[in-house]
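Please look over the sequence and the model shown here before reading on. The report below takes up the surroundings of the ligand and some details of the backbone.

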Amino acid sequence: MNTPSPQELARQLRKPEGPQGHEVAKWMEMGNAFLTELSYKHAQFQPDENILEIGIGNGNFLPSIKAQIGSGKLVGLDYSEFMVEAAKQNNADHLSQGFQIVHGALPHMPLENNSFDKVISINTLYFWDEPSTYLEDIKRVLTPTGKLILGFRTKESVEGLPFSQYGFTLYSLEEAKAFLTQEELTIEHCECQLDPKTENKLTAAVIVASV
Ligand SMILES: C[S@@+](CC[C@H](N)C(=O)[O-])C[C@H]1O[C@@H](n2cnc3c(N)ncnc32)[C@H](O)[C@@H]1O
């Protein structure tokens, strides 16, 4: 990838667009594989569950969720038309009534109330400009026993990186847990691990919380 400026990289991470957005999405797919797999592991997807992933990038990890939920419904949502198109192409052979890619934005997701057992989102928390409003929309689509799984990089591991100065709100594990608790979610479990895919420079954090 041609090296973008920190501002440009920050803009592309928030909402990948155009040819450079596709390159950034590929770069994220590789660089975030460990965090994604850790988040999916903690999600403990079960057969027949209905799952929503928000902020899917190029969507290349979605089939592994679908394989676990079987006839459950999987929706991957993103507000970048470029990512939605890429995810549709990358999953063209698998899309069906039970596996859809949807163009839409948190916090106004075009999805029905009470329709998902689990909502998962990886590396989007930094961009929640009004965190309570964003979380409210997630709670709206979760069933009364639903769970939210958030995967993110900890504040401590990212704050020195130049791009993080441009529009990122960073959270330590404790800050993210405190935010969810304050919004009346119950923390079920969490884990922080140094990420070997980043030569242990970045920390992968996952929180599972119930409504
Ligand atoms: C930093 S990328 C992360 C992609 C992937 N989850 C990963 O961890 O590699 C953020 C993704 O979430 C999408 N996104 C960010 N905020 C969003 C929002 N409010 N609603 C929908 N999609 C959002 C972006 O378009 C982008 O595809």
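Where is Gln-44 found?

## Loop between α3 and β1

Gln-44 lies in the loop that runs between α3 (33-43) and β1 (51-54), where helices (H or I, at least four residues) and strands (E, at least two) are DSSP runs numbered from the N terminus. This is a predicted model, in which local features need pLDDT of at least 70 and side-chain atom pairs count only at pLDDT 80 or more, while totals for chains, interfaces and linings use all residues. Residues are numbered from 1 along each chain as its sequence is written.

Although Gln-44 is not a glycine, its phi is positive, at about 45 degrees. Asp-48 is found in the loop between α3 and β1, and its phi, near 75 degrees, is likewise a positive value in a residue other than glycine.

Why does Gln-44 count as partly exposed? Gln-44 does so because it has 13 C-beta neighbours inside 10 Å, and Asp-48 is exposed, with 10 other C-beta atoms within 10 Å. By these terms, a residue is buried with 20 or more other C-beta atoms within 10 Å of its own, exposed with 12 or fewer, and partly exposed in between, the C-beta atoms being placed from the backbone.

## A cis peptide bond

Leu-106 and Pro-107 are joined by a cis peptide bond with an omega of about 15 degrees. Pro-107 has its place in the loop between β3 (99-103) and β4 (116-122).

## Around the ligand

The ligand is surrounded by 20 residues, the closest being Asn-32, Gly-55, Gly-57, Ser-80 and Asn-123; a residue is near a molecule if its C-beta atom, placed from the backbone, lies within 6 Å of it.
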